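Please read the following walk through the structure with the sequence and the 3D view at hand. It begins with one term and then moves from element to element.

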Amino acid sequence: MECNNDINAMIDLAKVADLVLMLIDASFGFEMETFEFLNICQVHGFPRIMGVLTHLDSFKNNKSLRKTKKTLKHRFWTEVYQGAKLFYLSGMVYGEYQTQEVKNLGRFISVMKFRPLVWQTSHPYLLVDRMEDLTDPEQVRTDPKCDRTVSLYGFLRGAHLKNKGQVHIPGVGDFQVGDVGFLSDPCPLPDARKKRALNEKERLLYAPMAGVGGLVYDKDAVYIDLPASHVNQLQEEARPTTELVQSLIDTHSTLDTKMAASKVSLFTGSATLDPTHISQHQHTREKEMLEEQSVWDPTTNRERRKVIFTQEEEEDVSEEDDSEGSDQADDEDDVECEETAAGGAPPQKKQKLKAETGRSGSCAELPAFADSEDELEMSEEEEEAGTPGDSGHSSEENEESEDELTDDDDDGGEELGKQHSEKESEEEMEEQGALKWKEGLQQKAAEAFLRQQEAAPNLRKLVYGSVVEVTESEEEEEELGGLFRVSRLQKSKKLQANALDCSRFHADTGHDWDVQEVLDSIRDCFVTGKWEEGQDAATLLKQDEELYGDFEDLETGEVHVSQPQDTQDDDDDDDDEEPQVKMDDEEVQKNKRLEKKRRLKERFNSEYDDGDATYFDDLKEELQKQAELNRAAFGDMDDESRVQYEGFRPGMYIRVEIGSLPCEFVTNFDAHYPIILGGLGSSEGNLGYLQMRLKKHRWYERILKTKDPLIFSLGWRRFQTIPLFHMEDHNGRHRLLKYTPQHMHCGASIWGPITPQGSGFLAVQSVTGSKASFRIAATGVILDLDKSVTIVKKLKLIGYPFKIFKNTCFVKGMFNTVLEVAKFEGASVRTVSGIRGQIKKALSSPAGAFRATFEDRLLMSDIVFLRSWYPVSVPQLYNPVTSLLLPAGQKDSWSGMRTLGQLKHDLGIRNKPNPDSLYKPVVRAPRRFNPLHIPKELQKALPFKSKPKQQQPKGKTPKDLQRPSVIREPHERKVAALLHALSTVHNYKRKNAHKVQHAKHKEFLQQKEKDEEAKLKRQREAKKKLYRVMGQKDQKKQRSSLKGAPSDL
Amino acid sequence: NNNMASHGLTYDGCNFFRQRLVLSTLSGKNVKIKNIRSRDDEPGLRDFEASFIRLLDKVTNGSRIEINQTGTVLFYQPGLLYGGPVEHDCNPQRSVGYYLEALLMLAPFMKTPLKATLKGVTNDPTDPTVDLLKSTALPLMKKFGIDGEAFEIKVVKRGMAPGGGGEVVFTCPVRKTIKPVQLTEPGKIKRIRGVAYSVRVSPQMGNRIVESARSVLNQFLPDIYIYTDHMKGTNSGKSPGFGLTLVAETLNGCFLSAEMSSTPQGQGEPVLPEDLGRNCAKLLLEEVYRGGCVDSSNQSLALLLMTLGQQDVSKVLLGPLSPYTIEFLRHIRDFFQIMFKIEVQMPLDDERKGGDKVLMTCVGVGYSNINKTVK
């Protein structure tokens, strides 16, 4: 399958791929899609990935080529694993890759080992390789938009697929499977393996949906239109020539159109069929389908039986029947099949038809197919006879089966008869309409019963004999009928449906446990009874003896030898010829010795190995044992019955019929896109809340916003939903986040399909087109599934005190009613300043006010708040990405709900910002300071220096202190002016005089200083002279005293 | 609608009520039951069924139950099994066994381990009593890998029909997956155990029952021990009564059981303890005659656990299928699309091991407990 450059197709294919060939244009380098695809693979299990480098011929320089190869290889290795296989394709020659390289690549692929992926091994899936619209054309004509019935074909993979299960088709939706049937392998393996190459005959081209011309499909066969001359050139056909590839590449038309255009010849050499012819054929077929469908009652499959088909329609009818009656088909005898086959129609179908008519008709028709029909089937039908309505079958059947179960072998026939009559009467009482087919059941049952007695019972046939509704129990009742008495024979059906619901098995059997023979019948169930040959105590002892009989008592040195076995044998064989016996004896003994040796060795081995046998080994061994059992359990059965027990095996080529697909699936069908049919587990079709661990992808550029729609790929599905992100607090509380953390895991809750825990998922913001940046927004894993969510966000309720007592305080504004307060009685509150308190009781007067106590006295300016957690609900949006329903060519343009950001962008909405959050110029009022006020007492005490002075300027002089201004007479003015002038002159003179005086004085001071200096100098010299004289005198005195003293003396 | 593809299943009548609701819960399919006693004088659901629905509502989260005005139509949309501590007053019309049987099927698949306290009638003649389930259902479930310390049924108080007043505590761990089993060889019976219980009657009753039961069983086996359990005072419930539960254990660890209770006070002929003991012993012999690895009242439990196993083959040998089991098989096919391969094993001529046996084989659906949280 080639993957388009569409993230939808990439996601779908990553889920079903076994091997991914990742083509990398070496001349360009890695593309974003490469990494996206690798990440998708990582999330959904990691299939084998093999890189293929192409365009290597565009490198002219050998060195740069080697360098590029190396860098690409290493980058690839870090993504996949060290040593991941990377293949090199050197380049195209004449528009084709080189044969040898392609061959090598093929060889690599063929020896590749695939790893089992958890999701794939636990779910059945189908990569659809053929699609057919089975809707009645008439219906399509009248209502082109009507839902379509479609059959899809493909190889089943993964796990076993059960009939009537649920499937999901990614890109379309969830559907109930109408019917599943298996066909022969359209491309079987050659018989002999181990050959290096296939011979020409075995070279098959299986290229479904590849648009290889001239293919026409029927229900279970494919016809290829070949000109007669081509018959001998199969090989050419098989090898995809350029033209074939070309045609493959540019097929855009659907199968329908192709079919309409192509001509078909069923046999070589025969005339080709007109397209019109074919369409006619189809038409008839589909018409019949329609009829069936129109009558179809989805809950009860029986209604449709009333439809009477004409001979021509046989085929179609049978096809339709297939949908519900694969079981039926099984029951029918082979003989019949052959007969019908002779008629030309596919055998199964005819059979079914017959069964159908038989049922719908009266009992008179019964003999027609009585021979071929099983007893069991009839008995089943008989049972069904009891059911009043369609849906009630289960309970009614049960009742019957009970009856039969309790029958005794001996009187079974009679009692059965009785039952039947009773049943009949009951039947009659019930509504006639739905029960037509049930007539004559009694006869059938009786016949069946007799048959049973004589023929060795084929259980499979007995159980699943005919009708879909048949259950295993029937067989039970027939087989075990002998064990039971009729217990509730007398009760009517209706009572039965409403009978006491009790699991106890009331034993009304006639075993009289006082009788010795009866007691003896269970004698061997007890340890005191007789044992089986192999487990008899005596034989066991003997074996032990054999094994452990020989030993040497090391203390006493005594050697114990086990009883020789052969003596016994000898005795037995005494009658025979002596020599012969001797020979045998030796042989036997030798064998015995060998046996003994082997056993001892085994024992030793097992004991020795026990030492290092790990838990893992045990587990592996257990698994292997179970796998063997699984193989063995149904290995000997034929496929038809086997699929009923274990479902359709992986590897089968199956045909799945699905009703009510949207018409766009057919009209917009594009073979370029993969159609995957993913089977779902028992409750995986349900919706619920999913809790997951999520991490924003490290290559995604933005963080994700809570409540923005996101497209998830989870399980088989792709869907859009609205996640809420949250974080788990240390106390287990899930606190809502507004955005995902940048580099950390966080929790996410979504409303979506129930998927087993541990499944990985990825999320993308949009699947439309391709963008430059990395598209995978987040990855993660499912942790928990639930029907409710526990996410909360913080909510602070604010109130204000309006009356304060000591530590008690009345608070208002937090609640609106007394009832609200009552709910929060005892809740702890806190003020902004950190004083803690408790809500006590509601007050009556302002509604919603309450009394609260605090650990300290509050202020009126305090704000009281209550921290609470408010549960958040996850929006229930589940919007499957229906990309396959879009018209061809636009399949990558699916868009769902837009995110808030996108909406705003698209609609040009800009939120008005909160005016408080806007920046404004800062205007500061001038600062005014109050005068410093010093109390009088203090003032008094202050020293004068610090006392405030009368600093304030004098205010206006009061009126009484104001003097009137003097207005002078002109004479006075003249006098004043003269005086002023005189005083000015005088001042001037005085100033000058002062200056002169000042200068004189300065001169005088200088003179005086000089004189003083001279005087000092004189005095100093005088002193000097004097001191010199005095010094000389002293010297003389001293000298004379030294020499002239005697003279003195 | 909860389910995206299917519209659920529809049934008629109130029979097999529990099966349908239990399987619906496990498979996640909606179920609608119509015509519940619609022709009856008192149409609609009975009190005990309503009580059962309430119990189901307690152990699940998100279930939607709609009942029409007359109670003749019930619509059930299952939620997810939640578990945890559950306390329930069972309606005394049916004994606790009625409720417990369903809980046994659901308990391993809960989100949190179940600790259910059920109050009501512990022993009555219609349903399997608590003692029986304790001694047979639990060892059976252990074979499927459901075990652990906290896996037990404890009779705190005994309450006989019709008054009730008993109390049973059932605890069960949760499992992610169920192991497949191969129970094809029941083995020989090595011992017989039993409990003779009596409340609000003479303590001698127990001894008289034991005496008579032993007289029958001693013909087969010497290893018989029957405990007498006489409860007094507040532990003795509201009504007088007595009864016997017998369990035969085989060498391979299979348990076959039989039981009998005295008729509830004022509801028919009183029985003598001697008769009861003898009849009960004969019932056990009958059960042995039927044989198999699972006794008749637990057949459906065994089949359910086989169905819910991994995608592996499970085999179990049963005695003849009871009507209840047969219906259960049909329901399993409806809900899980699983069919059992049924082979009858006829006894050999010289074998003295009771009647025909049935070998049931199936491939599990690969069920995993979607309720359990992974961390």
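A residue is called buried here when its relative accessible area is under 20%, exposed when that value is over 50%, and partly exposed in between. The model is predicted, and the terms apply to it as follows.

Take helix α3 of chain B, which spans residues 96–106. Of its 11 residues, 11 are buried, so the helix is largely enclosed by the rest of the structure. The buried residues of α3(B) include B:Val96, B:Tyr98, B:Tyr99 and B:Met105, together with the leucines B:Leu100, B:Leu103, B:Leu104 and B:Leu106. The acidic residue B:Glu101 is also among the buried residues of this helix.

The loop between α3 and β8 (112–120) of chain B holds B:Lys111. What does B:Lys111 form a salt bridge with? The partner is A:Asp784, and the closest N and O atoms of the two are 2.6 Å apart. This pair crosses between chains, with A:Asp784 placed in strand β24 (residues 776–786) of chain A. A:Asp784 has a relative accessible area of 9% and therefore counts as buried. B:Lys111, at 8%, is buried as well.

A search over all chains of the structure finds 42 salt bridges. One salt bridge joins the side chains of A:Arg130 and A:Glu132, at 2.7 Å from N to O. A:Arg130 and A:Glu132 are both buried. Within chain B, B:Arg290 forms a salt bridge with B:Glu287, and here the closest N and O atoms are 3.4 Å apart. Why are B:Arg290 and B:Glu287 separated by about one helical turn? They are three residues apart in helix α6 (residues 273–290) of chain B, which means a separation of about one turn. An α-helix has 3.6 residues a turn, so residues three or four places apart point the same way. B:Arg290 and B:Glu287 are both buried. Elsewhere, salt bridges that share partners link A:Glu595, A:Arg598, A:Arg599 and A:Glu602 into one network.

Now consider chain A as a whole. Its secondary structure comes to 33 helices and 31 strands. Of the 1049 residues in chain A, 41% are buried. Among contacts in chain A with a separation of 6 or more, residues 24 or more positions apart account for 72%. Leaving aside residues up to four places away in sequence, A:Arg867 touches A:Lys794, A:Leu795 and A:Lys796. The C-alpha atoms of A:Arg867 and A:Ala827 are separated by 9.2 Å, while the two residues lie 40 residues apart along the chain.

The surface comes next. Chain A exposes about 61,400 Å², of which carbon and sulfur atoms supply 54%. Which residues form a nonpolar patch on the surface? They are A:Leu21, A:Leu23, A:Met92, A:Tyr97 and A:Val102, with about 420 Å² of accessible area together. Of these, A:Leu23 is placed in strand β1 (residues 19–25) of chain A. A patch of negative charge is found on the surface where A:Asp617, A:Asp618, A:Glu621 and A:Glu622 gather. A:Glu622 belongs to helix α26 (residues 615–634) of chain A. With a relative accessible area of 51%, A:Glu622 is exposed.

Some backbone details remain. Most residues other than glycine have a negative phi, and most peptide bonds are trans. A:Tyr94 is not a glycine, yet its phi is positive, at about 55°. A:Tyr94 sits in the loop between β4 (92–93) and β5 (96–97) of chain A. Is A:Tyr94 buried or exposed? Its relative accessibility is 81%, so A:Tyr94 counts as exposed. In chain B, B:Asn35 has a positive phi near 50° and is likewise a residue other than glycine. B:Asn35 lies in the loop between β2 (31–34) and α2 (47–59) of chain B. Its relative accessible area is 36%, so B:Asn35 is partly exposed. Finally, a cis peptide bond joins B:Ala161 and B:Pro162, with omega about 0°. B:Pro162 is in the loop between β9 (152–157) and β10 (166–172) of chain B.

Terms used: Residues numbered from 1 in each chain as written. Chains lettered and ligands numbered in written order. Predicted model: local features only at pLDDT ≥ 70, side-chain atom pairs only at ≥ 80, totals over all residues. Heavy atoms only, no water. Patch = residues over 30% accessible without salt bridge, like charges linked within 9 Å, V, L, I, M, F, W, Y side chains within 5 Å. Areas by Shrake-Rupley, 256 points an atom, 1.4 Å probe, with all protein chains shown as cover. Salt bridge = Lys/Arg side-chain N within 4 Å of Asp/Glu carboxyl O. Lys, Arg positive; Asp, Glu negative; His and termini not counted. Charge placed at Lys NZ, Arg CZ, Asp CG, Glu CD. Helix = DSSP H or I, 4+ residues; strand = E, 2+ residues; numbered from the N terminus. Buried < 20%, exposed > 50% of the residue type's maximum accessible area, 1.4 Å probe, protein only. Contact = heavy atoms within 4.5 Å.
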